[in-house]
Amino acid sequence: MVCFYHPDKPAVGLCKYCQRGLCTECAASAGDSLACTDLHEEQVRAMEALMKRNLVQAQRAGSDYVRNTIFYGVVGALFTAFGASQLNWLGLQAVVYMLIGVALLWAALANYLESRKYK
Ligand SMILES: [Zn+2]
Ligand SMILES: [Zn+2]
């Protein structure tokens with residue numbers, strides 16, 4: 001592979017924006033990537049910033065799932081325990097509480113499994 005702008009020079013990398021080969025003279029470093037000097041530096045820097053932001057958002061979403069797991073788990077356990085303790089007095093109503101509790105525990109499990117994807 002040779003430099004797109006200097007066909008007589010070997011390329012050291014690709015511009016992240018236009019995927020053209022760049023020699024040491026043409027390659028500008030933009031963040032973790034290379035860009036055509038004075039041509040695509042801004043674009044590549046913008047792409048890098050966008051990717052970093054996506055990464056931060058994914059991490060935030062991951063911690064949201066952990067928080068949801070704890071929330072649904074605690075509330076679900078309370079509903080289930082309450083329903084079980086009231087079973088003799090409330091009958092069908094207690095069963096409904098227990099069903100809500102189980103549904104919440106199920107949601108907690110789903111959130112827990114989802115949170116593991118982000119690790
Ligand atoms: Zn370029
Ligand atoms: Zn060049």
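Biologist: Is H6 buried, partly exposed or exposed?
Modeller: Please bear in mind that this is a predicted model. H6 has a relative accessible area of 22%, so it is partly exposed, since buried would require under 20%.
Biologist: And what about C3, buried or exposed?
Modeller: C3 is buried, because its relative accessibility is 2%.
Biologist: Which protein atoms are the donors of the zinc ion (ligand 2)?
Modeller: The donors are SG of C3, ND1 of H6, SG of C23 and SG of C26. They lie 2.0 to 2.3 Å from the zinc ion (ligand 2). Along the chain, these donors have the spacing C-x2-H-x16-C-x2-C.
Biologist: What is the geometry there, at the zinc ion (ligand 2)?
Modeller: The site is tetrahedral, with angles of 97 to 115° among the four donor atoms.
Biologist: Turning to the zinc ion (ligand 1), what coordinates it?
Modeller: The zinc ion (ligand 1) is coordinated by the SG atoms of C15, C18 and C36 and by ND1 of H40, at 1.9 to 2.3 Å. The spacing of these donor residues in sequence is C-x2-C-x17-C-x3-H.
Biologist: Why is the arrangement around the zinc ion (ligand 1) called tetrahedral?
Modeller: The four donor atoms around the zinc ion (ligand 1) subtend angles of 101 to 124°, and the arrangement counts as tetrahedral because all angles must lie between 85 and 135 degrees. For reference, the ideal angle for four tetrahedral donors is 109.5 degrees.
Biologist: Are C36 and H40 buried or exposed?
Modeller: Both C36 and H40 are buried. For C36 the relative accessible area is 1%.
Biologist: With those cysteines in mind, how many disulfides does the whole structure have?
Modeller: The search finds zero disulfides.
Biologist: Which residues make up the largest nonpolar core?
Modeller: That core has nine residues. They are C3, C15, L22, C23, C26, A30, A35, C36 and V44. C3, leaving aside neighbours within four places in sequence, is in contact with K9, P10, A11, G21, L22, C23 and C26.
Biologist: A change of topic: what span should helix α3 have, and how far apart are its end C-alpha atoms?
Modeller: Helix α3 covers residues 92-116, and at 1.5 Å a residue its 25 residues should span 36 Å. The end C-alpha atoms of α3 are 36 Å apart, which agrees.
Biologist: Which residues of α3 are buried?
Modeller: The buried residues of α3 are A94, G101, L104, A108, N111 and S115.
Biologist: And what covers them, the buried residues of α3?
Modeller: The cover over the buried residues of α3 includes α1 (41-85) and α2 (87-90).

Definitions and conventions
Residues numbered from 1 in each chain as written. Chains lettered and ligands numbered in written order. Predicted model: local features only at pLDDT ≥ 70, side-chain atom pairs only at ≥ 80, totals over all residues. Heavy atoms only, no water. Donors = N, O, S within 2.8 Å, 3.2 Å for Na, K, Ca; no water. Tetrahedral: all angles 85-135°; square planar, octahedral: opposite > 155°, others 65-115°. Buried < 20%, exposed > 50% of the residue type's maximum accessible area, 1.4 Å probe, protein only. Helix = DSSP H or I, 4+ residues; strand = E, 2+ residues; numbered from the N terminus. Expected span 1.5 Å × (residues − 1). Contact = heavy atoms within 4.5 Å. Core = buried A, V, L, I, M, F, W, Y, C linked by side-chain atoms within 4.5 Å. Disulfide = S-S within 2.5 Å.
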